[in-house]
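Here is a plain walk through the model you have open. Keep the 3D view at hand and follow along.

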2 protein chains.
Amino acid sequence: MSLEPSSNTLADLGESGLVAKILAHISESTVSAMGVEVAAGDDAAVLHPGGSCVVLSVDMYAEGKHFRTDWSTAVEIGRRCAAGSMADVCAMGSTPIGLLLAVGMPSTTASDWAGEFIVGFTQEAEVAGAVLLGGDVSDCDTIVISVTALGTIASGTAVTRNGARAGDIVGICGSSGMAAAGLRILQSGLRSPRVLVDAFRVPRIDYSAGARAAKGGATAMIDISDGLLADVEHIARGSHVGVDLSTEKFDLPQELISAAAAFGLDPLSWILTGGDDHAIVATFPPKKRLPTGFTEIGRITGDKAAEVLVDGVPYRERWNVAPGFRHFSQ
Amino acid sequence: MSLEPSSNTLADLGESGLVAKILAHISESTVSAMGVEVAAGDDAAVLHPGGSCVVLSVDMYAEGKHFRTDWSTAVEIGRRCAAGSMADVCAMGSTPIGLLLAVGMPSTTASDWAGEFIVGFTQEAEVAGAVLLGGDVSDCDTIVISVTALGTIASGTAVTRNGARAGDIVGICGSSGMAAAGLRILQSGLRSPRVLVDAFRVPRIDYSAGARAAKGGATAMIDISDGLLADVEHIARGSHVGVDLSTEKFDLPQELISAAAAFGLDPLSWILTGGDDHAIVATFPPKKRLPTGFTEIGRITGDKAAEVLVDGVPYRERWNVAPGFRHFSQ
């Protein structure tokens with residue numbers, strides 16, 4: 001889908017013009033197929049949940065903190081915002097069915113930028129099989145995007161962070177560290193290798209991985225958004241278990257090795273602490289065969305609750321790293 | 001509830017500290033009573049909807065656009081953000097049961113301010129009978145709040161903007177124009193009369209009004225957030241009918257008359273165009289008795305679709321006003 005170029009800003013387009021642009025991306029046929037009784041355009045959306053429970057998550061993305069408009073196109077930023085939020089719904093064992101989008105933008109924002117953002121956002125929603133259910137647009141001093149993702153799941157089948165048991169296998173679906181490498185490359189003023197930069201710009205998410213893991217008997221699950229160590233630690237704390245990750249089992253793409261060498265870094269540091277890839281990490285009973293797409297990266301231990309080991313050693317002893325990203329840190 | 005004063009900022013408190021502050025306001029007992037299977041703290045919340053349909057709405061509030069920290073306390077801003085979003089769920093005929101909260105704040109924000117905002121937010125949620133289901137916190141150059149409100153409703157009973165018919169009575173529950181007067185007073189540097197300023201700071205919403213209207217046979221419904229004329233026009237457009245508002249039926253509080261006189265304004269201009277009161281406007285079949293709390297302010301006409309009259313005259317002919325607030329306008 002292309003947008004006609006223009007030099008107009010949101011001050012020219014107006015709130016109703018921007019809303020019309022967004023509504024144009026809502027497919028009536030898709031919406032009716034999802035059990036939606038009232039779609040976007042009224043005070044609220046109304047829908048039949050397909051399962052007996054609804055799964056809900058919200059994420060916020062701020063210009064200069066989560067994305068930069070000189071590093072990513074509007075389409076890429078739209079895709080990334082949709083993807084990151086939908087990954088949370090997957091990490092409960094559900095699949096995303098709907099999204100709510102709240103956007104704050106300065107009135108000096110180019111209308112084309114706003115329109116292309118919506119194109120990317122709805123493209124990624126379509127990849128996951130989700131529809132835009134509603135939203136809000138607002139004047140704001142900076143670009144801020146808030147995305148609410150909705151899924152459904154049968155009662156009692158949601159996979160939390162709290163069910164891992166000693167002996168369980170830790171499996172991952174998707175890559176870790178690629179987005180962090182891409183971010184480092186962009187920060188240094190470079191724009192390639194593309195495979196790493198693209199991993200930061202638009203995470204590639206297997207939206208059915210969480211549901212496969214749940215069906216495959218996953219005992220705990222999370223998506224990597226803060227960093228592998230930080231997110232695995234969430235499982236360790238929630239489940240009152242320890243985790244031992246085996247770096248020999250990590251997938252080490254050649255691009256990651258080369259880029260790390262160029263920066264004088266260990267590629268494992270990106271894999272262990274990089275966020276934004278939104279790979280799904282789940283734990284499985286020891287005798288279970290891992291679901292398609294999942295590979296083993298470690299084991300749950302019963303030794304010391306909430307402790308994360310890397311190759312048998314507490315990560316803080318070997319790796320002088322923060323386990324992942326934290327907001328508000330200086 | 002009071003917070004111990006401190007000079008700490010979010011940079012000192014950190015993301016996990018702010019999240020802990022928020023989680024402390026989530027009552028376990030309330031959550032379990034609402035059919036929540038997984039509450040805040042995991043990737044997503046999971047809940048049984050009490051009705052057969054879920055009702056979902058999102059709103060965004062930006063510093064300097066929707067609120068000013070020198071005009072309102074953090075508690076008031078928290079209450080207002082929760083209230084405005086829950087009003088949308090009410091305007092479908094539902095009652096709010098849950099909220100998701102995404103907050104973006106600069107790391108220089110006082111931790112106390114953030115904590116008091118959460119106090120106000122959860123206070124207002126409690127007034128409505130809703131619980132905080134989850135959220136996200138993020139570093140941002142300005143304070144931005146995104147609120148997703150959730151309700152449930154029996155299938156087929158949601159009241160949209162599209163069902164008004166010629167001859168229907170237009171009823172209102174709650175005041176209109178008070179918040180606009182309060183905003184005008186604050187803009188002029190004054191801080192009283194309090195009843196008007198407070199109406200802007202924290203709208204007082206009857207959270208069961210929408211459900212009463214739905215039970216009472218409402219044919220269309222909306223909450224006033226843009227302005228009475230603008231929002232009634234949404235019903236007129238959606239329902240392909242005209243609306244004739246009768247100003248003689250408007251409630252004209254003495255404080256509104258006095259404040260308007262002080263500014264040399266007609267108080268009706270505030271009532272007709274002021275947003276942010278979140279009164280509920282609904283249309284009812286002509287022979288129906290209006291539900292408790294609703295008073296008649298006009299009639300639906302079949303003359304000219306989408307036209308809004310005031311005392312029989314198109315409002316643009318008599319009132320040199322925009323029908324309500326629009327973002328991005330200069």
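## A covered helix

H3(B) is mostly covered, with 16 of its 17 residues buried. Buried here means that 20 or more other C-beta atoms lie within 10 Å of a residue's own; 12 or fewer makes it exposed, anything in between partly exposed, and the C-beta atoms are placed from the backbone. Before going on, note that this is a predicted model: local features need pLDDT of at least 70, side-chain atom pairs count only at pLDDT 80 or more, and totals for chains, interfaces and linings use all residues. Residues are numbered from 1 along each chain as its sequence is written, while chains are lettered from A and ligands numbered from 1 in the order in which they are written.

Helices (H or I, at least four residues) and strands (E, at least two) are DSSP runs, numbered from the N terminus. H3 of chain B covers residues 74–90 and reaches 24 Å from its first C-alpha to its last, close to the 24 Å expected at 1.5 Å a residue. That expected span is 1.5 Å times one less than the number of residues. In chain A, H3 also has 17 residues and reaches 24 Å. Since 16 of the 17 residues of H3(A) are buried, this helix is largely enclosed by the rest of the structure.

The model scores ipTM 0.90 and pTM 0.91. Chain A averages a pLDDT of 89, and 92% of the residues score at least 70; pLDDT is the predictor's confidence in each residue, from 0 to 100. Which elements of chain A have the lowest and the highest mean pLDDT? Helix H2 (residues 28–33) is lowest at 56, and strand E7 (residues 169–173) is highest at 98. Where pLDDT is low, the predicted coordinates should not be read in detail.

## The sheet

In chain A, seven strands form an open sheet with mixed pairing, in the order E8-E10-E7-E11-E9-E12-E13. Its edge strands are E8 (220–223) and E13 (313–314), each pairing on one side only. Two strands pair if DSSP finds at least two bridges between them.

| Strand | Partner strand | Bridges |
|---|---|---|
| E7(B), residues 169–173 | E11(B), residues 295–301 | four |
| E9(B), residues 242–245 | E11(B) | four |
| E12(A), residues 308–310 | E13(A) | two |
| E2(A), residues 45–47 | E3(B), residues 53–62 | three |

To find these pairs on screen, look for Gly171(B) opposite Glu296(B) in E11(B). Leu245(B) has Gly298(B) as its bridge partner in E11(B). Over in chain A, Leu309(A) is bridged to Pro314(A) in E13(A). For the pair that joins the two chains, Leu47(A) partners Val54(B) in E3(B).

## Where the chains meet

How many residues of chain A are in contact with chain B? There are 62, and they contact 62 residues of chain B; contact means C-beta atoms, placed from the backbone, within 7 Å. The largest share of chain A's side, nine residues, comes from strand E3 (residues 53–62) of chain A. By class, that side has 30 nonpolar, 19 polar and 13 charged residues. Ala, Val, Leu, Ile, Met, Phe, Trp, Tyr, Cys and Pro count as nonpolar, Asp, Glu, Lys and Arg as charged, and the others, Gly among them, as polar.

A rotation of 180 degrees with 0.0 Å of shift along its axis superposes chain A on chain B (RMSD 0.0 Å), using least squares on C-alpha atoms of residues with pLDDT of at least 70 in both. The two copies are thus related as by a two-fold rotation axis. In chain A, Ser146(A) has the C-alpha nearest the axis, 3.2 Å from it. The same surface serves both copies, as 100% of the contact residues of chain A recur in chain B.

Methods: Two residues are in contact if their C-beta atoms, placed from the backbone, lie within 7 Å.
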